Amino acid sequence: MDDKELLWKQYELHISLYKSYLELIVKVNIFYYAVTGAIISYYFTHADDQLIKYSLILPLVMSIALGGFFIRGAWLAKIPRKEVFSIRDKLGLESAPDIGVLILLLVIFAVLMLLVASGLLWLLLFWC
């Protein structure tokens, strides 16, 4: 296998992973907000029960964990971004998909989840 063919395979792999990661973070967000929304809705409809506040622990932990995971993912996505542009240059291509979109989405979703986590923590500590 010559160098150019190997570069094309690497390029295809990076682009395929990029598309898969975008799809995955959207699916994770849909799942996260569905679970969090359902639990918060249940919490407010049964707010008179003293033990119900503990139902907020799951979305709180999910918010913090996914927020941290997305921040870490945004940090690590810089490496394949550089590699994609390096391969593009070696192949003589004029453009390549910018993985910066993935990085930006990961940062936005992380910030949103950490904001939700702070709201849940406030509810857990001060509302009840």
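**Close-up 1. Helix α4 and the nonpolar surface patch.** Helix α4 (residues 100-127) gives the most to the nonpolar patch, six residues. The model is predicted: local features need pLDDT of at least 70, side-chain atom pairs count only at pLDDT 80 or more, and totals for chains, interfaces and linings use all residues. Residues are numbered from 1 along each chain as its sequence is written, and side-chain values use heavy atoms, with hydrogens and water left out. Helices are DSSP runs (H or I, at least four residues), numbered from the N terminus. The patch consists of Tyr-33, Leu-104, Val-107, Ile-108, Val-111, Leu-112 and Leu-115, with about 610 Å² of accessible area together. Nonpolar side chains (Val, Leu, Ile, Met, Phe, Trp, Tyr) are joined within 5 Å if their residues have over 30% relative accessible area and no salt bridge. Areas come from the Shrake-Rupley method with a 1.4 Å probe; for residues, only the protein chains shown count as cover. Leu-112, in α4, has a relative accessible area of 37% and is partly exposed. Buried means under 20%, exposed over 50%, partly exposed in between (1.4 Å probe, protein chains only).

**Close-up 2. The buried face of helix α2.** Helix α2 (residues 57-76) has 20 residues. Its buried residues are Pro-59, Leu-60, Met-62, Ser-63, Leu-66, Gly-67, Phe-70 and Ala-74. The arc is taken from the directions from the helix axis to the C-beta atoms. These residues pack against α1 (3-45), α3 (78-91) and α4; contact means heavy atoms within 4.5 Å. Phe-69 and Trp-75 are exposed on the other side.

**Close-up 3. The two sides of helix α3.** Val-84, Phe-85, Ile-87, Arg-88 and Leu-91 are the buried residues of α3. They cover an arc of only 160 degrees around the axis, which puts them on the same side of α3. Their cover includes α1. Lys-82, Asp-89 and Lys-90 are exposed on the other side. Just after α3, Gly-92 takes a positive phi of about 75 degrees.

**Close-up 4. Salt bridges.** The structure holds three salt bridges, each a side-chain nitrogen of Lys or Arg within 4 Å of a carboxyl oxygen of Asp or Glu. Arg-81 meets Asp-98 at 2.8 Å, N to O. Arg-81 lies in α3 and Asp-98 in the loop between α3 and α4, so the pair ties together parts 17 residues apart in sequence. Glu-23 pairs with Lys-27, the closest N and O atoms also being 2.8 Å apart. Both lie in α1, four residues apart, about one turn of the helix. Asp-89 bridges to Arg-88 at 3.0 Å between the closest N and O atoms. Asp-89 is exposed at 52% relative accessibility, whereas Arg-88 is buried at 19%.

Methods
Patch = residues over 30% accessible without salt bridge, like charges linked within 9 Å, V, L, I, M, F, W, Y side chains within 5 Å. Expected span 1.5 Å × (residues − 1).
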